[in-house]
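I set out to record what I looked up in this structure. The entries follow in the order in which I made them.

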Amino acid sequence: MSDTVPVRASDILANVFARDEALVDVIAQHSTQLAKLRHSPMRRIMSRLTTVAQAARLCRMPAESLVAELNAALGIAVDISAQDADVDSDTLLTPPAFSPKQVVELDVREDLRNGKEPFSKIMSAVTKLEGNQVLHLRTTFEPVPLFAVLEKRGFEHSALRHAADDWSVWFHRGAAPRRAGESTATPSHAPAASTTVPTALTDMRIDVRGLEPPEPMLRTLEALEALPDSCALLHVNVRVPQLLFPILRERGFDFQLDET
């Protein structure tokens, strides 16, 4: 990335930090939660899942303020008023032009507001896409973890921010061919629900009810970083955290689900 290209609210932290590791401290100083970014293993996880705008929300500060600080640290002069417009306008990320006949609509905003986990519904819609069809997803936040999940299935995305709790995301197949033998089936859910968790293993507990995404995932991954080998983490949530499961599998964690 050119040194003259300004940091944007939509940038993934991993890409921001790749420009200059000193930018970690610019963000970490604003939040105890994000101070964990100074820890390299945690930074590798969090920075791939979090945008600058999401980091700003965790810091309880306007996104444009954090964007301005990051650009100042890089020595890039940015018009603050332009940044305000960039963060709040409907053209934060410009979606590509699709024919209405290509687009399959899916709105999960009410599910999220009612505490329901829409991952299965989203993946079912993705699996049913044919040819050059595009999924237009309406959601209450920018679903960054979902981007990584669908990228592995050959999907690219474009996002549009209408308001702080109203996003449009278009998922469309990219140019990369699917690997031979790669399944198109919806990923399996968690193992069969267990009504008990071994008492000896429930030495750590984290309650993420009431937290806004992506904070539940970030807090859970942070807790796992400190989890002793002989212990289990009890994660309490108002919904089944389906987006967390692929990350747990990737990192070698086993898990059980109790929906009682």
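**Entry 1**

I looked up Leu146 and, leaving aside its neighbours within four places in sequence, found it in contact (heavy atoms within 4.5 Å) with Phe119, Ile122, Met123, Leu137, Phe171 and Leu243. The model is predicted: local features need pLDDT of at least 70 and side-chain atom pairs count only at pLDDT 80 or more, while totals for chains, interfaces and linings use all residues. Residues are numbered from 1 along each chain as its sequence is written, and side-chain values use heavy atoms, with hydrogens and water left out.

I then looked up the largest nonpolar core, which has 62 residues. Such a core is a set of buried Ala, Val, Leu, Ile, Met, Phe, Trp, Tyr and Cys residues joined through side-chain atoms within 4.5 Å. Ile27, Leu70, Leu146, Phe171 and Leu221 have the most contacts inside it.

I noted that 44% of the 260 residues in the protein are buried (under 20% relative accessible area, 1.4 Å probe, protein chains only).

I counted eleven helices and six strands in the protein (DSSP runs, numbered from the N terminus: helices are H or I of at least four residues, strands E of at least two). The axes (lines fitted to C-alpha atoms over the stretch in contact, angles running from 0 to 180 degrees between N-to-C directions) of helix 3 (residues 40-49) and helix 10 (residues 215-225) come within 10 Å and cross at roughly 165 degrees. The two helices are therefore roughly antiparallel to each other (an angle over 145 degrees).

I listed Pro41, Met42, Ile45, Met46 and Leu49 in helix 3 as meeting Met217, Leu218, Leu221, Glu222 and Glu225 in helix 10.

Notes
Angles under 35 degrees count as roughly parallel, over 145 as roughly antiparallel, 65 to 115 as roughly perpendicular and the rest as oblique. Buried means under 20% relative accessible area, exposed over 50%, partly exposed in between (1.4 Å probe, protein chains only).
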